[in-house]
Amino acid sequence: MRIRFLKGYTEEEFREYYKNEYCRKKIMTFDGIRVYFKECSFNHAFYESKNRDGQKNTFSFIRAERMDWIRAALENRNARLLQGWDKKRRRYDPSRRVCVVFNKFVVILQMRLKRNGVLEAEFITCYWADNSIGKIVKSPKWLKEDCLSLLNKKGR
């Protein structure tokens, strides 16, 4: 699969591209899980904190140029799937799926169960993890069975 950088877009054009290519299309992972994209997730995924204070207040062209990598990552059978970190509980969460591809590109999904028991996901964010990849790849492996077990216990 060939990946590309999206070049020459304005911030508004990136936002429109995200809506058209992700929010309005049916996106599936390589293992058959439907992924939903909310328009409001655009800011979380494609803005950065200018002052490193946690406030995402600056649009990142560098992040947005990798937007096509999201689908490529989700459809990649060779992606490394890991559990996400729950900052509040200070532990790994099997209902958070971290997909690592292209050495350091990370896509984070929140998994949930539909009413009929089918697993689905919501896109949370994506980024090039140049500073944190060493820590990320030490996370436990994400397994569908563990995720389903946790979600069924929680009743989600």
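Predicted model: local features only at pLDDT ≥ 70, side-chain atom pairs only at ≥ 80, totals over all residues.
**View 1. Salt bridges across the structure.** The structure holds 14 salt bridges. Side chains of opposite charge can pair when their charged atoms come close. The views below show some of these pairs.

**View 2. Glu-16 and Lys-19 form a salt bridge.** Their closest N and O atoms are 3.9 Å apart. Both residues belong to helix α1, which spans residues 11-23. They sit 3 residues apart, so about one helical turn separates them. Glu-16 is partly exposed, with a relative accessible area of 32%. Lys-19 counts as buried, because its relative accessibility of 16% falls under the 20% cut-off.

**View 3. Arg-24 pairs with Glu-16.** The two side chains meet in a salt bridge, with an N to O distance of 3.8 Å. Arg-24 counts as exposed at 54% relative accessibility. Glu-16 is partly exposed, at 32%.

**View 4. A network links Glu-16, Lys-19, Arg-24 and Glu-39.** Salt bridges join these residues. Among the links are Glu-16 with Lys-19 and Arg-24 with Glu-16.

**View 5. Glu-21 and Lys-25 meet in a salt bridge.** The N to O distance here is 3.0 Å. Lys-25 is partly exposed, with a relative accessible area of 37%.

Conventions: Residues numbered from 1 in each chain as written. Heavy atoms only, no water. Salt bridge = Lys/Arg side-chain N within 4 Å of Asp/Glu carboxyl O. Helix = DSSP H or I, 4+ residues; strand = E, 2+ residues; numbered from the N terminus. Buried < 20%, exposed > 50% of the residue type's maximum accessible area, 1.4 Å probe, protein only.
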